[in-house]
Amino acid sequence: MRLKCIKLAGFKSFVDPTTVNFPSNLCAVVGPNGCGKSNIIDAVRWVMGESSAKNLRGESMTDVIFNGSNGRKPVGQASIELVFDNTDKTLKGEYAAYNEISIKRKVTRDSQNIYYLNGTKCRRRDITDIFLGTGLGPRSYAIIEQGMISKLIEARPEDLRVFIEEAAGISKYKERRRDTENRMRRTHENLERLTDIRDELERQLARLERQAQAAEKYSEYKKEERELKAFLQTRRYMHLRDKSHNKHSIITDLELKVEAGVTRQVNIDTTIETQRLRFTEVGDKYNQIQERFYAIGADIARIEQTIAHSQDRERQLRIDLEQTEKDCREATEHHQQDADKAEGWQAELLMMEPELEILEEEAELSSEKLIQAEEAMQAWQQEWDTFNQKAQAPRQQAEVQQSRIQHLETVQQRLYSRIEKLDAEKKELVLGDVEDEITELRERVAMQQEELEQYRLQ
């Protein structure tokens, strides 16, 4: 049994479908570092059923799918197909008749793994079972990679035993024995579960038997209850029938009384209707009389209101007449008094005419003097304006001098402060320059004081 070719598509660096042929038993794959030599071995192990991403130099099983590059987009799935030559009939059983054995594995981005055996879907277990005892497998000694020899040399006896059993072809029997033991163990577990189920069913049967007995008793009691209910209903029916006969006779007597009452009711209704007609006629007459009563009452009220208004008007006119007569008498008296005053004023006017002529002459003289006084006033006003203009310049000079006085006082205060400061420094430092400066400042202060006095005098 020999590997003829490998078909890669989307697996790691083999993004494009690639076929690697092995024409003879001895073939070599050469190339620079990073060209994908190790990816071919990883592809073989992956197809044989490798389930550990760490052994394939990845973190998850989807890392074997091409993840894209600068010039290519990532793909959605990866597939590897191995084609074996089985002309030597290495594989036995149902596949012994095939000259070629095709094994294919495909994985998608959602971590779905699909295995194919000669184009038919199968399980991973079917792939591993075919190669048991042939030396092929995801971690068998037939696939030798870097560090494999050192692992074999340094391996423990238990690990070496696995390789030896695989080379001797007894691994498949051990695998079958392990499967059989697992099936037997599962069968024992199933038997134990069946025993538990049987015990549970027996308990349920006992409970159901008790329930069946209770159901039988319930049926008997129910039957007895129905009989008793029927007897009770019969007795009740007979009692109700007797009561019905008695009630029927009572109802007959009451119907006769009702008919007699209806006859009396008809007579009474006829009498009521006659009385109602009479009441209607009397009501109409009463309404007419009441309407006339209300109309007459309204006329009486209107006439009374007119009489009251006339009386009030007469009373007001009488008061107005008395007031008018009183005003007339007062006006007559005032007229007589005014006439007396007019005669007195006429006599005084005749006496005052000579004085009036004299006053008129004096008024003419006074008006001439007033004109002269006004002319003198205008001349004085002009002189006053001129004086104000002349006095404006000294006032401005006085304001300037006042501002200079304030400035000199400020400078004086500043000099006093500096002198006090220098006196304090003099006590700490005895220097000739400081004394000279103090003397000079005192002279300046004296000069400023003299100048200030002069300004104040001005």
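**Aromatic rings and their surroundings**

Author: In this predicted model, Y294 counts as exposed because its relative accessibility is 52%, and exposed means over 50%. F293 is likewise exposed, with a relative accessible area of 59%. The structure contains two aromatic pairs. In one of them, the ring centres of F11 and W46 are 5.5 Å apart and the planes meet at 40°, so this pair is tilted. F11 belongs to the loop between strand 1 and strand 2, whereas W46 belongs to helix 1, so the pair ties together parts that lie 35 residues apart in sequence. F293 and Y294 form a tilted pair as well, with 5.8 Å from centre to centre and 55° between the planes.

F11 is buried, because its relative accessibility is 0%. W46 also has a relative accessible area of 0% and is therefore buried. Helix 1 spans residues 37-47, and eight of its eleven residues are buried. Among them are I40, V44 and W46. The elements that cover these buried residues include strand 1, strand 3 and helix 2.

I6 in turn touches residues including I40, V44 and I80. In soluble globular proteins, nonpolar side chains tend to be buried together.

One further ring has a charged neighbour: the charged end of K104 sits over the ring of Y116, 5.8 Å from its centre.

Technical notes
Residues numbered from 1 in each chain as written. Predicted model: local features only at pLDDT ≥ 70, side-chain atom pairs only at ≥ 80, totals over all residues. Heavy atoms only, no water. Buried < 20%, exposed > 50% of the residue type's maximum accessible area, 1.4 Å probe, protein only. Helix = DSSP H or I, 4+ residues; strand = E, 2+ residues; numbered from the N terminus. Contact = heavy atoms within 4.5 Å. Phe/Tyr/Trp six-rings, centres within 6.5 Å; stacked < 30°, edge-to-face > 60°. Lys NZ or Arg CZ within 6 Å of the ring centre and 35° of its normal. Lists of a residue's contacts leave out its neighbours within four places in sequence.
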